[in-house]
Amino acid sequence: MASIEIRNLRKTFGKVVAVNEVSLSMTDGEFVALLGPSGCGKTTTLRMISGLEMPDSGSIHINGKDVTSLPPRSRDVAMVFQDYALYPHMTILDNIGYPLKVRGAPHNELKEQVTSVANNLQIGGLLARRPGQLSGGQQQRVAVARAVVHHAQVFLFDEPLSNLDAKLRLEARAFLKHLQREVGITAVYVTHDQAEAMALADKIVVMKDGSIMQAGTPLEIYRHPVNTFVASFIGNPPMNLLPCEINGGSIYVQTGDSPQAMSAAGLRLPAALAKGSQFTLGVRPEHIRVLTEPAADSIKGTLYVTQTLGGEALVIVRVGEQLITIRLFEDEAPPLPNEVYLSFDADHLFFFGPDGQVLR
Ligand SMILES: Nc1ncnc2c1ncn2[C@@H]1O[C@H](COP(=O)(O)OP(=O)(O)O)[C@@H](O)[C@H]1O
Ligand SMILES: [Mg+2]
């Protein structure tokens, strides 16, 4: 177990700034997810922590010790790669035991430790097989088992579940969270899947174009996104973002040729929102009601489609040129007329300025 501190980490590949002044601290036993779209610098950040990649500038500290110039083997980190990186010609026993073998552990001891960890991961019966004879989920457990026998201080995961089908992914997600609870590992977990980050992490670090947009607990990020990027990246379906203007006591939603007014009475408007100013209104699908009659604070739309998902339903409504998604916690989408009215939950609105930053 270990604490990690990253200071002003920067890495370029030619003209591409892969990681730009990233700073981050993690306490002992913390599970941190690096979350962001493909190409935002997650893997590069992880590889710098592991020592596989050297930063251009900045430093990495594990347990207070500057490891920036140390090779991977001197950092005591275990990395689980996206493709598991198992040795195809070796048995599962030898794959898991490899870090112990490198350390010169006697075979008996190696076998004992591997068997114990493998049993915990429910792959104890597969030790004589080779990776090619295992399912994707089992291979993933082998890769994790290899990291666990390593007894590393820090676990680094690079999208370890992305090759699994949906059901196995959920199982593996629960297992990793359980493992972290049991063993109390310090882990950095890279993913582009916001649901996975929400489910696993104590802290989420949202990245875009090599920079950190926001870091916080899953709930902080969901409830208080700092900009439209984070707002629309977290949550499924994503937050609806509507271009608006405020004037007098009304908000004008500008999604088409003719703006629609809705009353701003009863809304807690941010102080930074001046009269006559343009802004983006953010509202999550779970915070919109669909009405069949107009109300003072509603806007009009036409029903686009409904989707019954079982346990919840989505209603998608066209307002001007924009589609707005509403999430209902009902087994079945209700029958709706073609013309509907949307009312936003006043307690759950977000206001963003023209630069996309949240207004306070
Ligand atoms: N070895 C490399 N050579 C050149 N460019 C790279 C290399 N590794 C990563 N990059 C670039 O750096 C950026 C960040 O990549 P990466 O860290 O792999 O992103 P992510 O893991 O978030 O998808 C991307 O633009 C990628 O093309
Ligand atoms: Mg990557």
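Tutor: Let us begin with what an axis is: a helix axis is a line fitted to C-alpha atoms over the stretch in contact, and the angle between two such axes runs from 0 to 180 degrees between N-to-C directions. Two packed helices are described by the angle between their axes and the distance between the axes. Please keep in mind that this is a predicted model.

Student: At what angle do α3 and α4 cross, and within what distance do their axes come?

Tutor: The axes of α3, residues 107-120, and α4 cross at roughly 130° and come within 10 Å. Angles over 145 degrees would count as roughly antiparallel and 65 to 115 as roughly perpendicular, and the rest of that range is called oblique; α3 and α4 are therefore oblique to each other. The crossing of α3 with α4 is right-handed.

Student: Which residues meet where α3 and α4 touch?

Tutor: On the α3 side they are Gln113, Val114, Val117 and Ala118, and these meet Ala145, Val148 and Val149 of α4. Sorted by class, this contact has six nonpolar residues and one polar residue, with no charged residue.

Student: How are α2 and α4 oriented to each other, roughly parallel or roughly perpendicular?

Tutor: The axes of α2, residues 92-102, and α4 cross at roughly 30° and come within 7 Å. Since angles under 35 degrees count as roughly parallel, α2 and α4 are therefore described as roughly parallel to each other. The crossing is right-handed, and in the contact Ile92, Asn95, Ile96, Gly97, Tyr98, Pro99 and Leu100 of α2 meet Val142, Ala145, Arg146 and Val149 of α4. These residues divide into eight nonpolar, two polar and one charged.

Student: What angle do α4 and α5 make, and how far apart are their axes?

Tutor: Helix α4, residues 136-149, packs against helix α5, residues 166-183, at an angle of about 25°, and their axes are 10 Å apart. That angle makes α4 roughly parallel to α5, and α4 passes α5 in a right-handed crossing. Here the contact is made by Gly136, Gly137 and Gln140 from α4, together with Leu168, Glu171 and Ala172 from α5; by class it has two nonpolar, three polar and one charged residues.

Student: Let us turn to the ligand. Which element gives the most to the shell around ligand 1?

Tutor: A shell is read by listing the surrounding residues and then asking which elements supply them. Ligand 1 is surrounded by Phe13, Val16, Ala18, Gly36, Ser38, Gly39, Cys40, Gly41, Lys42, Thr43 and Thr44. Two or more of these residues come from each of β2 (16-26) and α1 (42-50), and α1 gives the most, with three residues. The shell has four nonpolar, six polar and one charged residues.

Student: Which two residues are joined by a cis peptide bond?

Tutor: For the backbone, one reads the torsion angles. Asparagine 236 and proline 237 are joined by a cis peptide bond, with omega about -5°, and proline 237 is found in the loop between α8 (228-233) and β11 (240-247). Elsewhere, asparagine 8, in strand β1 (residues 4-13), has a positive phi, near 45°, in a residue other than glycine.

Student: Finally, how many residues of each domain are in contact with the other domain?

Tutor: The domain assignment gives domain 1 (4-233) and domain 2 (240-352), and 39 Å separate their centres, taken over C-alpha atoms. Five residues of domain 1 are in contact with five residues of domain 2, and on the domain 1 side these divide into two nonpolar and three polar, with no charged residue.

Definitions and conventions:
Residues numbered from 1 in each chain as written. Chains lettered and ligands numbered in written order. Predicted model: local features only at pLDDT ≥ 70, side-chain atom pairs only at ≥ 80, totals over all residues. Domains from an automatic or database assignment. Contact = placed C-beta atoms within 7 Å. Nonpolar A, V, L, I, M, F, W, Y, C, P; charged D, E, K, R; others polar. Near = placed C-beta within 6 Å. Helix = DSSP H or I, 4+ residues; strand = E, 2+ residues; numbered from the N terminus. Left-handed = near helix turned anticlockwise from the far one by under 90°.
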